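Hi,

Here is the structure I promised to send over.

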Amino acid sequence: MDATRIIEEALDQFGQDFTARFEAATTEQALRDEKATVLGKKGKLTEILKQMGRVPPEDRKRIGERVNALKEQVETRFSERLAALRNLRRQAELSAPPFDLSMPARIPTPRGHLHPLTQTQSDLLAIFRDLGFLAVEGPEVELEEYNFTKLAFPPDHPATDMQDTFWVSVAGAPSGARTLLRTHSSAVQIREMTRRRPPMALVSTGAVYRRDDDITHSPMFFQMEGFLVDHRVTFGHLKAVLSTFAERFYGPGTRTRFRPSYFPFVEPGAEVDVSCVFCGGEGCRICKYTGWIEILGCGMIHPAVFEHCNLDPEALTGFAFGLGVDRIAMLRYGISDIRLFYENNPRFLAQF
Ligand code: DAH
């Protein structure tokens with residue numbers, strides 16, 4: 001058989017072959033692999049064309065044209081098959097069962113939670129809400145008048161030294177008014193007693209600021225304030241509310257004791273201790289072997305404060321208390337350095 005015949009038969013065979021191979025490919029990758037086998041540098045056609053050298057010159061043009069036509073056919077069939085495969089895949093996707101977006105992930109997603117101070121704050125608020133107190137908010141930038149003057153801190157009274165703070169200027173503040181970052185939540189008393197009429201029983205939590213910074217004091221920390229104003233409110237009511245609170249927060253059997261203390265805006269004033277939650281009152285390192293832990297300040301609202309809020313001190317009485325949320329949380333979780341609350345280190349926060 002002459003070289004021309006051999007090569008023509010090989011090309012016939014090639015023509016049938018590649019169509020069958022393309023049809024048999026069921027994925028895009030398989031199809032591309034087949035195309036490489038057929039047309040690639042080491043492919044079947046290259047193999048056949050190695051024989052061209054032996055074809056007589058007068059036949060070469062015809063065979064060359066045939067080869068070009070075949071190459072074009074390969075490209076066309078390839079594109080057709082590719083489109084068909086893509087179409088099949090799309091059809092399969094469309095008729096497959098839909099994604100179940102509610103299916104649990106295979107890798108469990110770590111769950112976030114409230115910051116320990118936020119948790120403590122909302123547990124405290126919940127107890128007072130149950131007792132009938134309404135939760136309100138006050139601004140962190142406060143008038144000096146509300147933070148000190150109307151709470152009966154005399155100007156330049158040494159008590160304001162303990163509450164040295166950050167003075168700020170605020171656009172739009174009443175002229176001549178000095179503004180500061182509030183040093184305690186007690187300012188909320190003035191705000192609310194000026195705009196509401198008794199009876200009222202309110203609690204308020206939020207950030208307060210002082211020029212303090214050590215392992216138990218942070219320049220910003222959180223307080224909760226509570227107060228109740230009505231006719232004939234007595235110290236007995238105050239004791240009832242705070243001892244109920246202590247038992248609900250620290251557990252049944254928790255005892256409270258009231259020690260006389262001074263705060264300019266209450267008379268009489270007291271500090272409240274609870275029986276040590278760690279040793280039950282026997283004495284331990286945390287309660288410094290006293291059996292008691294101080295948790296808050298309180299007292300009967302001073303008549304001068306009522307006057308400053310245009311309330312009648314002859315007709316009304318009330319009590320107030322204020323506690324440090326950070327301190328309560330530190331005791332609750334056994335944390336010795338307050339700064340941990342504000343560093344936002346996930347390894348610390350993950351432990352709550
Ligand atoms: N405001 C006080 C402080 O930051 C705490 C306090 C004491 C609040 C007695 C009160 C109170 O309402 O009656 O040190």
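First, the ground rules. This is a predicted model, so local features need pLDDT of at least 70 and side-chain atom pairs count only at pLDDT 80 or more, while totals for chains, interfaces and linings use all residues. Residues are numbered from 1 along each chain as its sequence is written, and side-chain values use heavy atoms, with hydrogens and water left out.

Now the ligand. There are 15 residues around it, and those that come nearest are His 184, Ser 186, Arg 210, Gln 223 and Glu 225 (near means that a heavy atom of the residue lies within 4 Å). Glu 225 has a side-chain N or O atom 2.7 Å from an oxygen atom of the ligand. Strands β6 (220–230), β9 (292–301) and β10 (317–324) are the elements that give two or more residues to the shell. Helices and strands here are DSSP runs numbered from the N terminus (H or I, at least four residues, for helices; E, at least two, for strands). By class, the shell has six nonpolar, seven polar and two charged residues, where Ala, Val, Leu, Ile, Met, Phe, Trp, Tyr, Cys and Pro count as nonpolar, Asp, Glu, Lys and Arg as charged, and the others, Gly among them, as polar.

Next, two helix pairs. The axes of α2 (residues 28–39) and α4 (residues 57–95) come within 10 Å and cross at roughly 170°, so the two are roughly antiparallel (over 145 degrees). Axes are lines fitted to C-alpha atoms over the stretch in contact, with angles from 0 to 180 degrees between N-to-C directions. Residues in this contact include Leu 31 and Val 38 of α2 and Phe 78 and Leu 82 of α4 (contact means heavy atoms within 4.5 Å).

Helix α5 (residues 116–130) and helix α10 (residues 325–333) have axes 9 Å apart at about 105°, so they are roughly perpendicular (65 to 115 degrees). Among the residues touching there are Leu 117 and Leu 124 of α5 and Ile 328 and Tyr 333 of α10.

His 115 sits in the loop between α4 and α5. A polar atom of the His 115 side chain lies 3.0 Å from the backbone nitrogen of Leu 117. Leaving out residues up to four places away in sequence, His 115 touches Phe 341, Asn 344 and Leu 349.

Finally, the backbone. Most peptide bonds are trans, and most residues other than glycine have a negative phi. The bond from Pro 198 to Pro 199 is cis, with omega near 5°, and Pro 199 is in the loop between α7 (187–195) and β5 (200–209). Glu 267 and Pro 268 are also joined by a cis peptide bond, with omega about -5°; Pro 268 belongs to strand β8 (residues 266–275). Arg 232 has a positive phi, near 60°.

Cheers

Technical notes. Angles under 35 degrees count as roughly parallel, over 145 as roughly antiparallel, 65 to 115 as roughly perpendicular and the rest as oblique. A polar contact is a pair of N or O atoms within 3.5 Å; within protein, one must be able to donate a hydrogen and the other to accept it, and residues adjacent in sequence count only if both atoms are side-chain atoms.
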